[in-house]
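Good morning, and thank you for making time for this presentation.

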Amino acid sequence: MRTTFLLLIVAMLTCAQAPAGAQQPANVPLIGVLGDDFLSRPVLGFRRGLRELGYIEGQNIILDARRSSSPGSGLYLHAADLVRLRVSVIVALFPGALQVAMKATKTIPIVMTYPSDPVAGGIVASLERPGGNVTGVTGLASGLGGKWLELLKETVPEVKRVAVLWSYKSGNEVPEWKHVEATARALRVELQSLEVRDQGDFAGAFKSATTGRADAFIMVPHIIGFPREIGELALKNRLPGIFWRRDFAAAGGLMAYGADPYEQSRRAAYFVDKILKGAKTAELPVEQPKNFELVINLKTAKELGIAIPPRVLAWADAVFR
């Protein structure tokens, strides 16, 4: 009898410690999460959103979180494994994750947090009616590219030539380039278009910007990783720049203006909740950001010899010193 009791205790402990993806209580949804860092703002924001909706991990929802910083073979394997496990939803917290999730399944709902235009990028048919198995949150609002140039000019008034680091072969970035172009004409700023597709292109792009006599640069948001490396290149080449996400400013960039990735991922939890309650992914409108944050790195400004105008500092939501 005593032996039977001990065996029962061991079995209970074993079940309690089993991996989320391997075993879960009956009728508890299993959600696959593809993120770049488990302690990053997007992952923490997503978990907060779930808590706000009454979900408790391990009780009424189970997360199978997979970590990878690029769309390489490891990420493909993670996405394929989540499909094999028949997760209820896949949450893609960066563009590389979305790419592999879309290749891995055409049926399992995918909730994205996407920085660029998902319509121009061919991700969804329209914001109002996505039409496939992908919906979620986009970080881009129409005309944001023009706002980047306006802020850059407001912060560094002597700027006359701006390098734009973007991928013109990526359809979802063309609209923002057009907004930058229109604003440049109005502000009488000359643009230098520089193609960047991955990490290996940045050193050459910054060299071209300096030899091309650019006074500053704009980073269009298809690049997610390498904020520290890009920040170091910007400082090395003595170029002030504006980014679309705060972690680039935190890592040495001069400033950033865009949707808060924490808030975007927090909102992604609401899409997961709707899907679990029966909503059809194809009919769930993609949500655009309502609030944007301006982040300034005063340490970088000092190193570059830039005095941030008081009115710009007054607008800032966050300042790194």
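This is a predicted model: local features need pLDDT of at least 70, side-chain atom pairs count only at pLDDT 80 or more; totals for chains, interfaces and linings use all residues.

Let me begin with Arg41, which lies in helix H2, residues 41-52. Is Arg41 buried, partly exposed or exposed? Its relative accessible area is 29%. If we set aside its neighbours within four places in sequence, the contacts of Arg41 are Arg246, Asp260, Pro261 and Tyr262. There is also Glu263, which is 222 residues away from Arg41 along the chain, yet the two C-alpha atoms are separated by 8.7 Å.

That brings me to the protein as a whole. It has 12 helices and 12 strands. Of its 321 residues, 50% count as buried. Among contacts between residues at least 6 apart in sequence, 70% join residues at least 24 apart.

I turn now to the sheets. One of them is an open sheet of 5 strands with parallel pairing, in the order E2-E1-E3-E4-E5. Its edges are strand E2, residues 62-67, and strand E5, residues 134-138; each has a single partner strand, so one side of each is left without a neighbour in the sheet. From one strand to the next, the twist averages 20 degrees. As one example, Val33 has Val91 in E3 as its bridge partner. Helix H4, residues 95-104, packs on the sheet and touches E1, E3, E4 and E5. The direction of H4 makes about 150 degrees with that of E4, residues 110-114.

A further open sheet is formed by 7 strands, in the order E7-E6-E8-E9-E10-E11-E12, and here the pairing is mixed. Which strands stand at the edges of this sheet? They are E7, residues 190-195, and E12, residues 318-320; since each has a single partner strand, one side of each lacks a neighbour in the sheet. Direction ignored, neighbouring strands of this sheet are turned by 20 degrees against each other on average.

On one side, E6 pairs with E7 in the parallel sense over 6 bridges. Arg161 has Glu190 in E7 as its bridge partner, and Trp166 stands opposite Glu195 in E7. Helix H7, residues 202-211, packs on the sheet, touching E6, E7 and E8, and its direction makes about 160 degrees with that of E7. E6 also runs parallel to E8, joined to that strand by 4 bridges; here Val162 stands opposite Ala216.

How many of the residues of E6 are buried? The count is 6 of 6, so the strand is mostly covered. In a regular strand, the side chains alternate between the two faces of the sheet. In E6, Arg161, Ala163 and Leu165 point one way, while Val162, Val164 and Trp166 point the other way, and all are buried.

Next, a helix pair. Two packed helices are described by the angle between their axes and the distance between the axes. For helix H5, residues 144-155, and helix H6, residues 174-187, the angle is about 40 degrees and the axes are 6 Å apart. H5 is therefore oblique to H6, and the crossing is right-handed. From H5, the contact involves Leu144, Gly145, Gly146, Trp148, Leu149, Glu150 and Lys153; from H6, it involves Glu176, His179, Val180, Thr183, Ala184 and Leu187. By class, this contact comprises 6 nonpolar, 4 polar and 3 charged residues.

I close with two backbone details. Most residues other than glycine have a negative phi. Arg188, in the loop between H6 and E7, has a positive phi, near 60 degrees. With a relative accessible area of 77%, Arg188 is exposed. Arg238 is not a glycine either, and its phi is positive at about 55 degrees. This residue lies in the loop between helix H8, residues 227-236, and strand E9, residues 241-243. At 48% relative accessibility, Arg238 counts as partly exposed.

Methods
Residues are numbered from 1 along each chain as its sequence is written. Side-chain values use heavy atoms; hydrogens and water are left out. Two strands pair if DSSP finds at least two bridges between them. Helices (H or I, at least four residues) and strands (E, at least two) are DSSP runs, numbered from the N terminus. Axes are lines fitted to C-alpha atoms, for helices over the stretch in contact, and angles run from 0 to 180 degrees between N-to-C directions. Contact means heavy atoms within 4.5 Å. Angles under 35 degrees count as roughly parallel, over 145 as roughly antiparallel, 65 to 115 as roughly perpendicular and the rest as oblique. A crossing is left-handed if the near helix is turned anticlockwise from the far one by less than a right angle, and right-handed if clockwise. Ala, Val, Leu, Ile, Met, Phe, Trp, Tyr, Cys and Pro count as nonpolar, Asp, Glu, Lys and Arg as charged, and the others, Gly among them, as polar. Buried means under 20% relative accessible area, exposed over 50%, partly exposed in between (1.4 Å probe, protein chains only).
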